[in-house]
Amino acid sequence: MSMYNFNSGPSILPDEVLQQASEGVLNFNNIGLSILEIGHRSDWFVEVMEEARSLVKELMQLDDSYEVLYLHGGATTQFMQVPINLLDENETAAYCDNGIWGSKAIKEAKLFGNVHIACSSKDQNHTYIPKELSVPQHVNYLHYTTNNTVEGTQWHFIPQANVPLIADMSSDIFSREISFSEFSLIYAGAQKNAGAAGVTIVVIKKDILGKIKRTIPSILDYRNHIEAKSLLNTPPVFAVYVSMLTLRWIKKNGGLIEMEKRANERADLFYETLDSLDAFEGKVDRQDRSLMNATFITKNPEHEKLFLDECKQNGMVGIKGHRSVGGLRVSMYNAMPINTVQALCDLMKDFSNKYADALYKTI
Ligand SMILES: *Cc1c(COP(=O)(O)O)cnc(C)c1O
């Protein structure tokens, strides 16, 4: 690809995956048909789905007490599907309130039961990760967002609470090796680190299901999807295929250990450059910085537009911050080569030197 892609999601995919995915559209596995025109219950597609599901388990090193589903509706649907399956009306679930996505999950959970806020970083505009949680022992589960895509913070530890742990890992899934077996449910929209938009990975420890009294609409009941091996209705076949190819690529490239190493290299390079320059400033506490989404600002607000213009002129896209928080953001997902980060750092250095005078004048 000829552009430097810093998009937050949908986002960068490995060139190899794009190549294979486009071949699959024209002639899937040389069968003379497109992946888009075969039945989802055909052996051809069932093989794709089964390989994708087993790669998720393999990369996460999970045993058969877990099931993997590929579902419609994005991570946003999981904000509702989690409580509808796991929280009865008079029961309580604990939620961490650390950013925009987490607060959306809280809003949905309140439609189905009670929510206890285990911790919040609202007091400082979600620029840090709270280190202390309050989790009453009677709650059904604790939910948190492992990486706050919009704000640029990331949990670098797994909260310990002695209740089932549920995580929205949409923007850092498969980017590091963590102890996935500490979780009872993990979900992630595929479009950041695990494929194309249109499908959501849901990993469930089976023993948390079937404990509530509510009648759950069939299509929202995880148990039905498990029984149907993720083919309850027509899945988004192409998105599942792209995710399978992406997971194959992760495995071939050294798995999560290697993804983590690359993520650290990219983030170290970026943040070291950021901290060394006069024109820019990070937005969140250093110890809680995200390895995937780095948020920052220009010290002189008038420089923001100038900087974005220079990025554009240099073929760098996706650097504007989320519309709700403004500022700047670069997303550095699994598929991003280190030279893309280097190119941005070089541009930032040049920019900072060029505008140093203007910076001090306004201060
Ligand atoms: C992108 C994102 C979402 C929303 O995902 P959709 O697939 O668009 O519903 C939810 N949570 C986090 C952490 C995200 O980064």
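Predicted model: local features only at pLDDT ≥ 70, side-chain atom pairs only at ≥ 80, totals over all residues.
## Helix α1 and the stretch before it

Helix α1 runs over residues 15–26, which makes 12 residues. From its first C-alpha to its last the helix reaches 17 Å, close to the 16 Å expected at 1.5 Å a residue. Three residues of α1 are listed as buried: Val 17, Ala 21 and Gly 24. They lie on the same side of α1, because they cover an arc of only 60° around the axis. What do the buried residues of α1 pack against? Their partner is α6.

Pro 10 sits in the loop between β1 (4–5) and α1. The peptide bond leading from Gly 9 to Pro 10 is cis, with an omega near -10°. Most peptide bonds are trans.

## The loop between α1 and α2

Asn 29 is located in the loop between α1 and α2. Its phi is positive, at about 45°, although Asn 29 is not a glycine. Asn 30 belongs to the loop between α1 and α2 as well. The phi of Asn 30 is also positive, near 60°, and Asn 30 is likewise a residue other than glycine. Most residues other than glycine have a negative phi.

Are these residues buried or exposed? Asn 29 has a relative accessibility of 54% and therefore counts as exposed, since the cut-off for exposed is over 50%. Asn 30 is exposed too, with a relative accessible area of 70%.

## Helix α2

Helix α2 covers residues 43–60 and has 18 residues. The distance from its first C-alpha to its last is 26 Å, close to the 26 Å expected at 1.5 Å a residue. The residue that follows α2 is Gln 61, which has a positive phi near 55°.

The buried residues of α2 include Phe 45, Val 48, Met 49 and Ala 52. Which elements do the buried residues of α2 pack against? Three of these elements are strands: β2 (66–71), β9 (185–189) and β10 (200–205). The others are the helices α6 (237–252) and α7 (255–276).

## Around the ligand

There are 13 residues around the ligand. Those that come nearest are Thr 76, Thr 149, Asp 168, Gln 191 and Lys 192.

For Lys 192, a polar side-chain atom lies 2.7 Å from a ligand oxygen. For Gln 191, the distance between an N or O atom of the side chain and a ligand oxygen is 2.9 Å. Taken alone, the ligand exposes 390 Å², and the protein buries 87% of that.

## Two buried loop residues

Thr 146 is in the loop between β5 (142–145) and β6 (147–148). Its relative accessibility is 0%, so Thr 146 counts as buried. The side chains of Thr 146 and Asp 172 make a polar contact of 2.7 Å. Leaving aside neighbours within four places in sequence, Thr 146 is in contact with residues including Gln 154, Trp 155, Asp 168 and Arg 176.

Asp 288 lies in the loop between β11 (280–282) and β12 (293–298). Asp 288 is buried, because its relative accessible area is 3% and the cut-off for buried is under 20%. Its side chain reaches the backbone nitrogen of Ile 129 at 3.0 Å. Not counting residues up to four places away in sequence, Asp 288 touches Tyr 128, Ile 129 and Lys 131, among others. Gly 152, Thr 153, Gln 154 and His 156 are also among the residues that Asp 288 touches.

## Ile 338 in helix α9

Ile 338 lies in helix α9, which covers residues 338–354. Ile 338 is partly exposed, with a relative accessible area of 38%. Which residues does Ile 338 touch, not counting residues up to four places away in sequence? They are Glu 265, Arg 266 and Leu 269.

Ile 338 and Pro 164 are 174 residues apart along the chain. Their C-alpha atoms are separated by 37 Å.

How values were computed
Residues numbered from 1 in each chain as written. Heavy atoms only, no water. Helix = DSSP H or I, 4+ residues; strand = E, 2+ residues; numbered from the N terminus. Expected span 1.5 Å × (residues − 1). Buried < 20%, exposed > 50% of the residue type's maximum accessible area, 1.4 Å probe, protein only. Contact = heavy atoms within 4.5 Å. Near = heavy atom within 4 Å. Polar contact = N/O pair within 3.5 Å; in protein donor to acceptor, adjacent residues only side chain to side chain. Areas by Shrake-Rupley, 256 points an atom, 1.4 Å probe, with all protein chains shown as cover. Arc of directions from axis to C-beta.
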